[in-house]
Amino acid sequence: MKSLAALLFPVAVMATMAMPTIASAACDVRSGPTKAALVELYTSEGCSSCPPADKRLSQLRQALGPKADAVPLAWHVDYWDYIGWHDPFAQEAFAERQHWLVQLNHHSTVYTPHFFVGGSELGLQRSALGDEVNRVNAKPAEADIRLQASVTPDGALAISADATAPVRSTPVALFLAVTESGLTSKVTRGENGGATLSHDHVVRAWVGPIRLNGGAVHVQRDITLSPSWNRAQMELVAFVEDEKTGAVLQAVNAGRCTRS
């Protein structure tokens, strides 16, 4: 999997009704004692079967209820662009991550829509998503993450992230992501030609892997927010992942941010 640590950008998150987002004042959030479930959807605007999956991700919090702790990310892949529609949210790096996770799950088929929970490939049964989130939430956290973020007077996002985890025999890394919700596209070609599509939790950019050394890492970034992003719809996400197995040790989202 290609390292994108040289890229700088805001950080994404899942929300729980009326949470502060990147548009808010300074926030300080820390992961809890049990695992949050990182829910990843690999999707494309060029895929006719993807819109229902996009809707499932958008409605995830409501479907799971307030007790569930899930952090949704929608990764738009670029390998469907060849059939006539260029997905404006797709990045080659996102398809590379999907290939990486598929290999670590000992499978060979890459497709969309494709769900992973906590780094594990999800079955096709509709009930499997909720069941897997609950299963992950029942486990103790294997890492601790603290995120601090604020928007500077010049409009940059100042981020400080700390992650710790017990030293393992396999490498462990921190990842940061920026997501945006409330996005729409009028698709004019390809399998969804003529449709207007809506998206939430779309990964706009990400940073990682940032390797933990001696079980810890501290990262600081001042990130210029793109004027094309709707700051009120942006969320901040961080997760710690075993680079050998793909297992997510812990995730955290800006839904726990508090105003300063």
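What covers the buried residues of helix 1? I will come to that after a word on the model.

This is a predicted model, in which local features need pLDDT of at least 70 and side-chain atom pairs count only at pLDDT 80 or more, while totals for chains, interfaces and linings use all residues. Residues are numbered from 1 along each chain as its sequence is written, and side-chain values use heavy atoms, with hydrogens and water left out.

The score pLDDT is the predictor's confidence in each residue, from 0 to 100. Its mean over the protein is 86, and 87% of the residues reach 70 or more. Over residues 1–20, however, pLDDT is below 50, although this stretch has 88 contacts in the model beyond near neighbours in sequence. A contact here means heavy atoms within 4.5 Å. Residues 256–260 also stay under 50, with 16 contacts beyond four places in sequence.

Now to helix 1. Helices (H or I, at least four residues) and strands (E, at least two) are DSSP runs, numbered from the N terminus. Buried means under 20% relative accessible area, exposed means over 50%, and partly exposed is in between, with a 1.4 Å probe and protein chains only. Helix 1 covers residues 50–58, and its buried residues are Cys50, Ala53, Asp54, Arg56, Leu57 and Ser58. The elements covering them include strand 2, helix 2 (60–64), strand 3 (70–76), strand 4, helix 4 (128–137) and strand 10 (196–199).

Cys50 has a relative accessible area of 0%, and Cys47 is buried as well, at 3%. Disulfides were searched for, a disulfide being a pair of cysteine sulfur atoms within 2.5 Å. The whole structure has zero of them.

Helix 4 is one of the covering elements, and Val133 is found in it. With a relative accessible area of 0%, Val133 is buried. Leaving aside neighbours within four places, Val133 is in contact with Ala37, Val39, Leu64, Ala68, Asp69, Ala70 and Val117.

Next, the aromatic rings. Rings of Phe, Tyr and Trp (its six-membered ring) pair if their centres lie within 6.5 Å; planes under 30 degrees apart count as stacked, over 60 as edge-to-face and the rest as tilted. By this rule there are eight aromatic pairs. Tyr42 and Phe116 form an edge-to-face pair, 5.8 Å centre to centre, with 90° between the planes. Tyr42 is in strand 2 (residues 37–43) and Phe116 in strand 4 (residues 114–117), 74 residues apart, so this pair links distant parts of the chain. Tyr42 is buried at 0% relative accessible area, and Phe116 is buried at 0% too.

Which arrangement do the rings of Phe175 and Phe239 have, stacked or edge-to-face? Their centres are 5.1 Å apart and their planes at 10°, so the pair is stacked. This pair also links distant parts of the chain: Phe175 lies in strand 8 (residues 172–180) and Phe239 in strand 13, 64 residues apart. Phe175 and Phe239 are both buried. Ring pairs link Tyr42, Trp75, Phe94, Phe116, Phe175, Trp206 and Phe239 into a cluster.

A charge sits over a ring if NZ of Lys or CZ of Arg is within 6 Å of the ring centre and within 35 degrees of the ring normal. Arg97 lies over the face of Phe175, at 5.6 Å from the ring centre.

Strand 8 also holds Glu180, which is buried at 3% relative accessibility. A polar contact is a pair of N or O atoms within 3.5 Å; within protein, one must be able to donate a hydrogen and the other to accept it, and residues adjacent in sequence count only if both atoms are side-chain atoms. The side chains of Glu180 and Arg204 are joined by a polar contact of 2.9 Å. Beyond four places in sequence, residues in contact with Glu180 include His201, Trp229 and Met234.

His201 is in the loop between strand 10 and strand 11, and is buried at 3%. Its phi is near 60°, a positive value in a residue other than glycine. His106 has a positive phi as well, near 65°. It lies in the loop between helix 3 and strand 4, and is exposed, with a relative accessible area of 74%.

Last, the cis peptide bonds. One joins Thr112 and Pro113, with omega about -10°. Another joins Gly208 and Pro209, with omega about 0°; Pro209 is found in strand 11 (residues 202–211).
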